[in-house]
Amino acid sequence: MKKTLIGLLMLIGAVSASAQKNPADLRFNADGNFKIVQFTDVHYRYGWEASKTAIENITTVIETEKPDLVVFTGDVICDKPAREGLDAVLSTVDRLGVPFVLTQGNHDDEQDISHEEIYKYIQKYKNNIPTSSGDAVLEVSDGIKTAAALYVFDSNAYAQIAGIGTYGWITLEQINAYAAESRRLTEANGGTPLPALAFFHIPLPEYKEASMTDGAHLIGTRREKVCSPVLNSGLFTAMRTAGDVMGVFVGHDHNNDYSVYWHGILLSYGRYSGGNTIYNNLRAGARVIVMHKGERTFDTWLRLRDGSVIDRTVYPASYINDDWKDRKAPI
């Protein structure tokens, strides 16, 4: 379908306090936290009254949470005219002054704009962290050095091999490039993997396996099957081997917003973020993730359009099984 990750865009948080502010100047705050809001499956249709819900949701969540970064994990639009739809959504974030990065889903380029043109078009926004292909490594600084990493992948749209299911997968070239960047960051950190998160649109096959396995700790709503690729290209194994990624955040399945702990990595859905422009049984909201400087842990919850918060958890503590043998006897 496309590209490799070899030309991966490297976006490094500035280390000088006097550096000029730019969208890629990502750093932990004075309180040691870095907050991300994930919007997914906005499915904006320009001119539709129902799309106003999406804009209200985005505005409410950002004004309430005041994130350091917004990540769009695909299917921002699903109708013509595409540019006007993108403008309606992204100008809202840009106006609120929050850095944002976007990776596409399987519907964004089905309108009147190509896959490559979308990434080029949105670079006009001053708060957009640009990518040439939807893949990026975003480095989060502690003010002195890189302290965390965010991997953003374009998970591709549809299978490019005849007869191999419906949806595409993250390619071997992308996985190899991720592994190389992970090694680079680990070596720069004295051999210790950085705390890291990953964001893309289509869930990995491991989501299906984890959600159907007895004993896997699942928190949230599961109202539809996992629509993952038929083929497993090995990204989960690469992440687990590298030892940096703590959590993966996707969209695509509008009626799922759960997180499930699987072999040390949290596999998580965002919350459907749009209006009644396509199928959905979950009211609009967003996922919030808070990383902590120097720690391999993060907090996550869902913020809904009405302002309420649900499913507040801590990785990994909220997902570790309570072993009766380790419990202290009651007093």
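## Strand pairing

Phe 72 has Leu 102 of E4 as its bridge partner. Strand E3 (residues 69–73) pairs with E4 in the parallel sense, over four bridges. Two strands pair if DSSP finds at least two bridges between them. Strands (E, at least two residues) and helices (H or I, at least four) are DSSP runs, numbered from the N terminus.

This is a predicted model: local features need pLDDT of at least 70, side-chain atom pairs count only at pLDDT 80 or more, and totals for chains, interfaces and linings use all residues. Residues are numbered from 1 along each chain as its sequence is written, and side-chain values use heavy atoms, with hydrogens and water left out.

## The sheet

The open sheet has six strands, ordered E4-E3-E2-E12-E13-E14, with mixed pairing. Strand E4 (100–103) and strand E14 (309–315) stand at the edges with a single partner strand each, so one side of each has no neighbour in the sheet. From one strand to the next, the twist averages 20°.

Helix H1 (residues 52–65) lies across E2 (33–39), E3, E12 (285–292) and E13 (298–304). H1 runs at about 170° to E2. Axes are lines fitted to C-alpha atoms, for helices over the stretch in contact (heavy atoms within 4.5 Å). Angles run from 0 to 180 degrees between N-to-C directions.

## The largest pocket

The largest pocket is lined by residues including Thr 53, Arg 271, Arg 283, Arg 305 and Asp 306. Its lining divides into three nonpolar, five polar and four charged residues. Ala, Val, Leu, Ile, Met, Phe, Trp, Tyr, Cys and Pro count as nonpolar, Asp, Glu, Lys and Arg as charged, and the others, Gly among them, as polar. A pocket is an open set of points on a 1 Å grid over the protein atoms alone, where a 1.4 Å probe fits, with protein on both sides within 12 Å along at least five of seven lines; lining residues have an atom within 4 Å of a point.
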